[in-house]
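Here are my notes for your first look at this protein. Please keep the structure open and check each point against it.

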Amino acid sequence: MKIVHVASELFPYIKTGGLADAVAALGGALADQGHQVAIFLPGYRSVLTHPALPETEKLCELRIEMGQEFISGELRRFSPRPGLTVYLVCREEFFDRSFPYGNGARDYEDNAQRFLFFAKAVVETLRLEAIHADVVHAHDWQAALVPLLLRVAEQRHAQTLARSTVFTIHNIAFQGLAPLRVFAQMNLPREFLGVGGLEYHGQLSAMKGGILFADRVTTVSPRYASEIQTEAFGCGHDGVIRSRAAYLRGLLNGIDTAVWNPASDALLPARYSADDLTGKARCRSALLAAHGLRAAPPSVPIYGMVCRLTEQKGVELLLANAEFFLREECRLVILGRGEPRFEEAIQTLAARAPHKIAVSLKLDEAASHLIEAGADFFLMPSLFEPCGLNQMYSQAYGTVPVVSEVGGLADTVIDADRDAARGTGLCHAPTSAGMADALERSLALFADAPRYAAVQQRAMRHDFSWATAAQAYEALYRELLQTRPSSISTSSVQ
Ligand SMILES: Nc1ncnc2c1ncn2[C@@H]1O[C@H](COP(=O)(O)OP(=O)(O)O[C@H]2O[C@H](CO)[C@@H](O)[C@H](O)[C@H]2O)[C@@H](O)[C@H]1O
């Protein structure tokens, strides 16, 4: 199949979170299966200057219609591995900036235009380069308008650009809301402006466009697929999701075992496997040393956490349990960047016990690998979690996850107290009391070395690889190609 992915992040060239890992690993796994895969990505500064970027070839100049004007850009491409081509949509004014979405304190004001330009450039390239995609697969709000723009372009040019379209929601909390006036720059028929179109409470929602007009909508775990149909998790889009429930699937992410494998991980001071955990003990000492923490004998548990420091990730639950980490003989290492209020609160916590609690407010890939390997428990107290990757990385690294029982966390971690024979971690309600209970249970589990080892072994031997996860997408694509697209996109624009 000819499969085209459209996303705003791609590991290793640009990553602010799990989207980058998921798109890179899915694209790579599909290419390994023998499909012809293309990935469209904005040509951000950090991509164009990335040390791993091979030489890129300039393909063409772009002239993109945005309302009354045409905006120019350039299309570059490179091939990082056989079967995979990455297209970079470049325009200095939009993408040659320090960060992809904002300056840290606020989002860039022209994000709607930047990603509309990107989405339109993808559709224009599909047309100009006659790519004839079997599937165009858009990820998250930044690419969400691609299915609709594509069907409208097909009608305008009387040409088929893609046999089917898929939209994947990695996080429904980020919706790409924009003022209604941006609609004029979309050059879409007026019928797509109303509440049956992109309008969302007096604004435009790119996310809503993806949900309504892709042939199939997927999200990254079965549990999140049902959660987003509820008011509690739908972030205002639950109604529109319910209206397309028949076309919605929850397909679990996997992990890229070429990057996340303790037996071959070059970022670790020592490698190890389920059969020989000696190297993990060295990673454990190295982790404490790297963060200036006091050495810990094997009986003292080390807790690790790596995430964007946002409300979603349950930072408040962690802070509500600060006394646990201050009181108990343990160590805690946190790596993350995010909201200033959380960064400050965590720094204050670390300052109260600098010999046992460390925080690093950086984006640091190598440090995240060392935490996954060196910790004994990995904390993910998320309030919601579409899938979550770190709980799978931590299981592969023999680091027992302690997670909120929401979304993909609930789908990938089995509570060891509830299910002694199958348990791979500890699960709790997404509340501070729930987390407090799980932390107490983690102490009991760690004190019982044979039981901890059994949980660790089961977690390490579980297959979370993308090779398996990608099969579900392949099956979905095949199913789509066999059935006539039934979404309202085609019928609305015909
Ligand atoms: N300071 C830091 N330094 C280094 N690495 C850091 C870091 N902060 C975060 N990371 C890394 O970023 C990734 C985070 O991925 P997640 O899937 O856990 O969450 P995210 O919310 O970004 O992704 C969204 O999309 C993914 C993909 O579908 C879903 O799994 C998830 O639930 C959804 O919220 C991990 O690889 C993690 O190690």
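Is His201 buried or exposed? Point 1 gives the answer.

1. His201 counts as exposed, because it has 8 C-beta neighbours inside 10 Å. The cut-offs: a residue is buried if 20 or more other C-beta atoms lie within 10 Å of its own, exposed if 12 or fewer, and partly exposed in between, with C-beta atoms placed from the backbone. His201 sits in the loop between strand S9 (199–200) and strand S10 (203–205). Its phi is positive, about 45 degrees, although His201 is not a glycine.

2. A word on the source. This is a predicted model: local features need pLDDT of at least 70, side-chain atom pairs count only at pLDDT 80 or more, and totals for chains, interfaces and linings use all residues. Residues are numbered from 1 along each chain as its sequence is written. Helices (H or I, at least four residues) and strands (E, at least two) are DSSP runs, numbered from the N terminus.

3. Two other loop sites deserve a look. His132 also has a positive phi, about 50 degrees, and is not a glycine. His132 lies in the loop between helix H4 (111–128) and strand S6 (133–139). It is partly exposed, because 13 other C-beta atoms lie within 10 Å. Then go to Phe11 and Pro12, which are joined by a cis peptide bond with omega about 5 degrees. Pro12 belongs to the loop between strand S1 (2–6) and H1.

4. Next, the domains. The protein is divided into domain 1 (2–254 + 468–493) and domain 2 (278–463). These bounds come from an automatic or database domain assignment. Taken over C-alpha atoms, the domain centres are 33 Å apart. The contact takes 17 residues from domain 1 and eleven residues from domain 2. Two residues are in contact if their C-beta atoms, placed from the backbone, lie within 7 Å. On the domain 1 side, H1 and helix H8 (222–227) each supply at least two residues. The largest share of that side, four residues, comes from H8. By class, the domain 1 side has six nonpolar, eight polar and three charged residues. Here Ala, Val, Leu, Ile, Met, Phe, Trp, Tyr, Cys and Pro count as nonpolar, Asp, Glu, Lys and Arg as charged, and the others, Gly among them, as polar.

5. Now find the ligand. It is surrounded by 27 residues, and the closest are Gly17, Gly18, His170, Pro386 and Cys387. Helix H1 (18–32), strand S13 (302–309), strand S14 (331–338) and helix H14 (365–374) each supply at least two. H1 has the largest share, four residues. The shell holds ten nonpolar, ten polar and seven charged residues.

6. Look along helix H18 (residues 449–461). Its 13 residues reach 18 Å from first C-alpha to last, close to the 18 Å expected at 1.5 Å a residue. The expected span is 1.5 Å times one less than the number of residues. Val455, Gln456, Ala459 and Met460 are buried in H18. Seen down the axis, the buried residues of H18 fall within an arc of 130 degrees, so they line one face. The arc is that of the directions from the helix axis to the C-beta atoms. Pro450, Ala453 and Arg461 are exposed on the other side of H18. The buried residues of H18 pack against helix H15 (390–396), strand S17 (400–404) and helix H17 (432–447).

7. Leu445 counts as buried because it has 25 C-beta neighbours inside 10 Å. Not counting residues up to four places away in sequence, Leu445 touches Ala416, Leu426, Arg451, Tyr452 and Val455.

8. Finish with helix H19 (residues 466–482). Which residues of H19 are buried? They are Trp466, Ala469, Ala470, Tyr473, Tyr477 and Leu480. The face turned away from them carries the exposed residues Thr468, Ala475, Glu479 and Gln482. The buried residues of H19 pack against S1, H1, S6, strand S7 (162–169) and strand S11 (216–219).

Key
A residue is near a molecule or strand if its C-beta atom, placed from the backbone, lies within 6 Å of it.
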